[in-house]
Amino acid sequence: MSKTIFVLNGPNLNLLGEREPSIYGTTTLCDIRDRCEAKAVSLGFTVDFRQTNFEGELVESVHQARKDACGIIINPAAYTFTSIALLDALKTFDGPKIELHISNVHARESIYHNSLISRTATGVMIGFGAAGYELAIEAMAGLARPS
Ligand code: CA2
């Protein structure tokens with residue numbers, strides 16, 4: 001019976017807090033990981049928090065989540081708009097899936113408007129900055145059933 005929430009992060013998110021603070025804020029991905037872990041523990045869950053710059057690694061994490069996770073929170077970054085491979089992998093995950101974006105992608109250039117991943121997401125968290133991750137953990141705790 002898994003009570004582990006996978007939190008997956010795509011390309012360039014390792015640079016959070018270092019560049020473009022006007023769009024992505026000043027919180028680092030390590031800070032976000034720590035906050036996710038604390039929030040999850042307070043709700044009786046654990047977190048497996050990952051970041052990769054490689055599409056195939058994200059796909060493999062989704063495959064691992066099929067065995068080990070009760071839910072997935074994913075910020076696919078640029079793969080949101082390009083990766084049918086990631087969409088197909090996520091479709092095979094039966095539990096709840098939350099797509100997350102730090103920035104309000106709909107207020108940005110049109111290249112950021114057409115998410116492929118939203119087609120399979122249970123819900124979408126957009127534009128709440130780094131705090132969106134903790135909000136997504138709370139939402140996931142309400143959605144996830146141990147599997
Ligand atoms: O707002 C988000 O969370 C995004 O997923 C971030 C992606 C972008 O492609 C999405 O449209 C929206 C980009 C991540 C790049 O991360 C950086 C972090 C710091 C400095 C530069 C890039």
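The structure is a predicted model. A search of the whole structure finds 2 aromatic pairs. One of them joins F49 and Y133 in a tilted arrangement, and F81 and Y112 form an edge-to-face pair.

**Pair F49–Y133**

- The ring centres of F49 and Y133 are 6.4 Å apart, with 40° between the planes.
- That angle makes the pair tilted, because stacked needs planes under 30 degrees apart and edge-to-face needs over 60.
- F49 belongs to strand β2 (residues 46–51) and Y133 to helix α5 (residues 131–143), so the contact ties together parts 84 residues apart in sequence.
- F49 is buried, at a relative accessible area of 16%.
- Y133 is also buried, with a relative accessible area of 1%.

**Pair F81–Y112**

- For F81 and Y112 the centre-to-centre distance is 5.7 Å and the angle between the planes is 70°.
- F81 sits in the loop between β3 (71–75) and α4 (84–91), while Y112 sits in the loop between β4 (97–101) and β5 (123–126), so this pair ties together parts 31 residues apart in sequence.
- Y112 has 23% relative accessibility and counts as partly exposed, because the buried class ends under 20%.

**Charges over rings**

- The ring of Y112 also has the charged end of R108 over it, 4.2 Å from the ring centre.
- At F45, the charged end of K3 sits over the ring, 4.8 Å from its centre.

**Helix α3**

- Helix α3 spans residues 55–68, which is 14 residues.
- From its first C-alpha to its last, α3 reaches 20 Å, close to the 20 Å expected at 1.5 Å a residue.
- The buried residues in α3 are L58, V59, S61, V62 and A65.
- An α-helix has 3.6 residues a turn, so residues three or four places apart point the same way.
- E60 and K67 are exposed on the other side of α3.
- The cover over the buried residues of α3 includes β1 (4–9), β2, β3 and α4.

**G142 in helix α5**

- G142 is found in helix α5, the helix that also holds Y133.
- G142 has 52% relative accessibility and counts as exposed, because the exposed class starts over 50%.
- The C-alpha atoms of G142 and L43 are separated by 9.6 Å, although the two residues are 99 residues apart along the chain.

Key
Residues are numbered from 1 along each chain as its sequence is written. This is a predicted model: local features need pLDDT of at least 70, side-chain atom pairs count only at pLDDT 80 or more; totals for chains, interfaces and linings use all residues. Side-chain values use heavy atoms; hydrogens and water are left out. Rings of Phe, Tyr and Trp (its six-membered ring) pair if their centres lie within 6.5 Å; planes under 30 degrees apart count as stacked, over 60 as edge-to-face and the rest as tilted. Helices (H or I, at least four residues) and strands (E, at least two) are DSSP runs, numbered from the N terminus. Buried means under 20% relative accessible area, exposed over 50%, partly exposed in between (1.4 Å probe, protein chains only). A charge sits over a ring if NZ of Lys or CZ of Arg is within 6 Å of the ring centre and within 35 degrees of the ring normal. The expected span of a helix is 1.5 Å times one less than its number of residues. Contact means heavy atoms within 4.5 Å.
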